[in-house]
Amino acid sequence: MKYPIINPCKKLFLTLVMMASATMLHGQFLRTSYFMEGSHYSLQLNPALAPERGFVHLPGIGQTNGMMYSNSMGHNDVVEMIKNKARADFFTDQDFINNLKDVNHASVNVGTDLLNVGWWQGQAFWTLGFGVKADGYAVVPREWFNFMSDMKQRRGIDFSDYTRHIGNEKLGINVYSELSLGYSRPLLGDRLKVGGRVKGLFGMANMKLTVNEAVIKTRIEGLDPDFDWNNPDVEQLINSQGSASFDVDAELECSTDAVELLQGADGYIDDVEFKPTHIGFAGAGAGADLGVSYQVTPSLTLSAAINDVGFICWSKGFTKYAHSNTADMNFDTDDPSGMMYFADVTGEGKTLNLDLLRLELDEQKDKSRTTWLAPILVVGGEYKLMNDKLGFGLLYTNRFAPSRNENEFTMSVNYRPSRFVDLAVSYSPVMCSGKAFGVALKLGPLFVGSDYVFMGKNSKCSNVLVGLSIPLGWRTLPKEN
């Protein structure tokens, strides 16, 4: 039996990142801005925190923001993984290996306002917005990198009795448009503020890949201890004796018209084609945000919110399912072409190896599906001094992401000398292992800020927000009796 050697295919996760870039996506929120009264960006985390003045966001200038986070891999590591050259060997670097956790997480959260308007009407503050958001995540156990290092042969592996069990790898992305209507108002003489947003959600793309288990085995006598499956010695492989196999349990769910899953001559998915002109709505749903703020004393204010509680139902006509089929992936040294195919597949050095997954479409399973947003819990407290010009804040956020809960505490100092100038500095100790300082500055309609100031090419998390808004009228205070 002859097995064709498949050319290296494009990375699915890179395609998902391209989708996010092509739709001009930017970030969702900035923790450092939460207690900045002169800024309206705190509305992103709590719809009760109405600013003193209305605003208009136009496409491209309203806000530009992006967030990347990993519990182990730095920015440079992720870039090298995405580039994934044919002879990629980032996983053999000892510093990279030492930084790995048993389970490695990475996420990207982005979003932009295509149009957003906020205005005061009496004592009520209204917002009307339309934007696009995207959430991407990856979960890669350490065992995947160990396997790739084994195949690169840097540790003297004995392939006469080799078995590697790998599993629980996940990749996913959710891209959708959001039409929102928000309302907030003060109560109890401004001591209590309540607010909420209702959202219509229009799904553009959702993809989820889960590798439940992969088992790679070799029982081959006669291979040199330094045998490299990425660049195999053909003569040595032909003269060896034994067998090899791989068995994979993986499944893919895909709901979009902007990505085509391409099948090779053998009927398995071997490439992914991105079609930017086909970006449209493939599903619909609804969501809501709720928030509250209460002034306990003239100096102390507590607040809380829950955001992004919602779902999207994806249409059957835009949904495809695929699963692994590796039933015949058993090879013997008596068939050199089969062994070369095994070498080509297992030696690719990819964290997402479509050749190894051997995904085939399952049209009988095609049906509509429902996905949920990643809710964000927010709890904060601020103590003010100097006639409210100086404030000390503590903020807790928990984003219930598909891969893991992303918890963060942010301590900030906020200084507001006038209505037109607002400055904040912050420190967030959890997500970036204690190496995260933030800063934000508002000068009139211009805002610049970051929760995680970029600390070098291998920072584990970083973000930035630059925004320019068109100001509207100030709030009119009620007349005293």
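In this predicted model, the side chain of Ser255 makes a polar contact with the side chain of Thr319, at a distance of 2.9 Å. Ser255 belongs to strand E8, which covers residues 241-255. Its relative accessibility is 0%, and because buried means under 20%, Ser255 counts as buried. Besides Thr319, the residues that Ser255 touches beyond four places away in sequence include Met204, Ala205 and Asn206, as well as Ala282, Trp314, Phe318 and Arg369.

Strand E8 comes up again in the surroundings of helix H6, where the buried residues pack against E8. Helix H6 spans residues 336-346, and eight of its 11 residues are buried, so the helix is largely enclosed by the rest of the structure. The buried positions are Ser337, Gly338, Met339, Tyr341, Phe342, Ala343, Val345 and Thr346. Apart from E8, their packing partners are the helices H4 (142-152), H5 (234-239) and H7 (354-357), together with the strands E7 (192-221) and E14 (330-332).

A further residue to look at is Leu114, in strand E3 (residues 103-121). Leu114 has a relative accessibility of 30% and therefore counts as partly exposed, whereas Ser255 is buried. Leu114 and Val132 are separated by 18 residues in sequence, yet their C-alpha atoms lie 7.4 Å apart in space. Val132 is also one of the residues that Leu114 touches, along with Phe130 and Gly131.

Methods: Residues are numbered from 1 along each chain as its sequence is written. This is a predicted model: local features need pLDDT of at least 70, side-chain atom pairs count only at pLDDT 80 or more; totals for chains, interfaces and linings use all residues. Side-chain values use heavy atoms; hydrogens and water are left out. Helices (H or I, at least four residues) and strands (E, at least two) are DSSP runs, numbered from the N terminus. Buried means under 20% relative accessible area, exposed over 50%, partly exposed in between (1.4 Å probe, protein chains only). A polar contact is a pair of N or O atoms within 3.5 Å; within protein, one must be able to donate a hydrogen and the other to accept it, and residues adjacent in sequence count only if both atoms are side-chain atoms. Contact means heavy atoms within 4.5 Å.
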